[in-house]
Amino acid sequence: MRRSWLPALVLLPLVAWGWSRLRLETDILATLPPDLAEVQALRQLRDGFSGGTDLVIAIEGDDADAAEAFASDAASALEARHDLVKEVQRAESITSGEGRAAGLVAWAVQNAPTVKVQALRESLEGDAARNKLATSLGRVSESLDLVASQRAAYDPFGLLEPLGESLDALEGGMFGLVSEDGAFRVLMVTPAADVTNYRAAAAWLAEVQNLLPTMQSVRVRFTGEPAFQAEIGAGIERDMSGTVGFTEVLIALLFWLMFKRLKPMIWIQGLLILTMLLTLGFGGLIVGKLSIMSLAFAAIVLGIVVDYAVLIIQEARQHPGADAASLRSQAGPGITAGALTTATVFLSLLFSGLPGMAELGLLVALGVICGHGIMLWLAPKLAAGRQQVIALHSVKPVSAQAHQVIAGSTLLLVGGAAIVFWQKGLPQFDSRAEALRPSKSEAMDALNWMQQRLGRDDEVSLPVLVRAGRQHLRQAAVQTEVAMKKAAADGIITRFVMPSQLVTDPAAQAANKVHLEWMVAETPRLESAATEAGFTPAAMGLWKAVIAAWRQSPVEDWPAEPTDSPVASTLSRFLGPEAVLGSVSCGTGSVEQAKQAISSVSAAKLAGWEVLGSALSDLVRTDLQRQMLPILAVLAVTLLITFRSGWDLLLSLIMLIAGLGALAATMSFLGWTWNLASLAAIPLLLGTGLDYGIHILLAMKRTGNDVALVQATTGRAVLFSGLTTVIGFGSLCFTSNRGIASLGLACCVGTLWILFFVIVFLPYWRAWLVGSGKQISGNPRNG
């Protein structure tokens, strides 16, 4: 006995170390393939530009005044907390002359084409300045173009003219944080410290919420990285405790309903807890984290491992005089073969292109291996000589003749084929990446609400990432902008933003230096001329602010880098290390066309979840095809070693094909589709389904094809085992991740179908094909 506990004493420090390393991973990108270009683009969008960690506060008022007042008060309250908030971005017109707007204009003009800057200077020299002012004054008073009239009122000298169409891009890209009616506004809040940990994000978000004013006429919602981090982390904790607790309770209830035994129910729960402790410990050593996808392992492991204890109990009830060693020898081969096939199938997920799915497979395989060891070590000792003897004569068998089995099998085959034909094919594959997002997310709902209120509910807005070396970045941005204009002219996209004018152009800065120095020096004369022409001091606000920005960043120090600009924090939202961030908006059905249009520029790539879906779908389907042949080969070898019979191998394959076919027919009938996550149900069902078939076929072999006896004994245990697996998979349907929920649903329905074929049809199939059977239609013998 002391020797049997020695391994436990050795493993205890390792398990404790694994627990200390275990953490919750709330980064959804960590569950995606890191080498995929679309995933790299998403990661660069978040980490390569400032603003990726911003909290987005969406504000809707009963009217424009209420929304503006709340946004102003909220921004002031947040900006006063320097320990909490680094920066607050709010709606702002680029022609207003306010700090960030003027700084951006100053930076854009100093990097503008020299020809245009020189033309601006010439229009302000000598008497040309008075002519320019007169023209602007005429536009203010007489122009029917409202936009031109407003710009002339705030920019009488035409300071914005060198920017051309880039000005519209800047307006829409940075400062378009207010709806057309003004009743909806957005604040972008940058945390003062790192809040990537979900607990830190939740605490920081709570403090921000407490700082906001209270107005009955205003509604506020939160989205952005901190909101998602806090929400996902809380969801993982809730899903982990909820699915495990739900599964444990239902398994205990099912055991009581089927066996009416309290003591076995208690020690089974204890062994399941021990299995989970060991699995989490070893998982911490190998994986080190639980993600939003891999957290589902716990419910799956519980549903599978409890089967081994029940099978041992069933053997103890059939053989009341057997000791622990005898129970191991009788139940061990079937349990070991089942555990091996199940672990093999789940380990095959290591070859999945989705790291989150690979982690799920590894953790389940670890759980199955740990559960197998614990149940074979401890369950026979607890079950031997303590179980109620089965009264086989009291169990009424299911009667069936060979022709009835054939008729039933044929009916199911024809019915499934008819459903598939009626629904015009097998279930479709949904390639959208929504399957990897939370199913119930306030942060996601707030984001969708924000897009709708900003007038974009019928469109999808996609980031455009332009990457090139420093010397070629501006040229690449300009080429991308040209491609966007063409796509807009062709009706593929509705609008676009590409701040090419903000990309550093050292040559232009050097050439523009003399012209901008002249403007700084001539400012007193030009301001005096504007006053004489009748312009108010407010009309000179933009000019004065831009001149002040140039004075703050001395012209003699040019060429300057974005980090040297007074508005470096704003520029970093557009400009990253050798990258520029833009965007396009298009109809929901035009994403692929927009992708092709942007991809005509080699340096540009359309990013975002909508684009990610198609790339992931190709990867997932390729992975599935690559996994299936090795899985089938390993399973075939395992089954041949276990059965040493080609007939039993054939029956196992028929049973699996029937179960998967019934699942496909059910999905077609109900209109369900496969997605990026639920497609993994196919290999998972192969492993769990074979487990049930192995126990039934081995029992049939031991009893000489005694169908009634097998259904009354092993069939009862397999029924319990299958239902516990259904409970485990079914609990996943209530998780907060859409993909895991759809995976659980597919596995749940598939397991029910396989269980039905294993218990109802498989014994008769074997008795019919391999031998006549002792009790196909008679009474079971007494054991």
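Is Cys747 buried or exposed, and what is its relative accessible area? Cys747 is buried, at 0% relative accessible area. Buried here means under 20%, exposed over 50% and partly exposed in between, with a 1.4 Å probe and protein chains only.

This is a predicted model, in which local features need pLDDT of at least 70 and side-chain atom pairs count only at pLDDT 80 or more, while totals for chains, interfaces and linings use all residues. Residues are numbered from 1 along each chain as its sequence is written, and side-chain values use heavy atoms, with hydrogens and water left out.

View 1. A disulfide is a covalent bond between the sulfur atoms of two cysteines. The cut-off used is a pair of cysteine sulfur atoms within 2.5 Å. For the sulfur of Cys747, the closest cysteine sulfur is in Cys748, 8.8 Å away, which is too far for a bond. The disulfide count is zero. Cys586 also counts as buried, because its relative accessibility is 0%.

**View 2. Helix 18, residues 506–521.** Helices are DSSP runs of H or I with at least four residues, numbered from the N terminus. Expected span is 1.5 Å times one less than the number of residues. For the 16 residues of helix 18 that gives 22 Å, and the end C-alpha atoms are 22 Å apart, so the two agree. Helix 18 bends by about 45 degrees at Lys513. The bend is the angle between axes fitted to the seven residues ending there and the seven starting there. Buried residues of helix 18 include Ala508, Asn512, His515 and Trp518.

**View 3. Helix 12 against helix 25.** Two packed helices are described by the angle between their axes and the distance between the axes. Axes are lines fitted to C-alpha atoms over the stretch in contact, and angles run from 0 to 180 degrees between N-to-C directions. Helix 12 (residues 297–318) packs on helix 25 (residues 681–702) at about 10 degrees, with axes 12 Å apart. The two are therefore roughly parallel. That label covers angles under 35 degrees; over 145 is roughly antiparallel, 65 to 115 roughly perpendicular and the rest oblique.

**View 4. Helix 11 against helix 12.** The axis of helix 11 (residues 262–286) comes within 10 Å of that of helix 12, and the two cross at roughly 135 degrees. Helix 11 is therefore oblique to helix 12.

**View 5. Lys486 in helix 17.** Lys486 lies in helix 17 (residues 473–489). Lys486 is exposed, with a relative accessible area of 55%. Its C-alpha atom is separated by 10.0 Å from that of Ile598, 112 residues apart along the chain.
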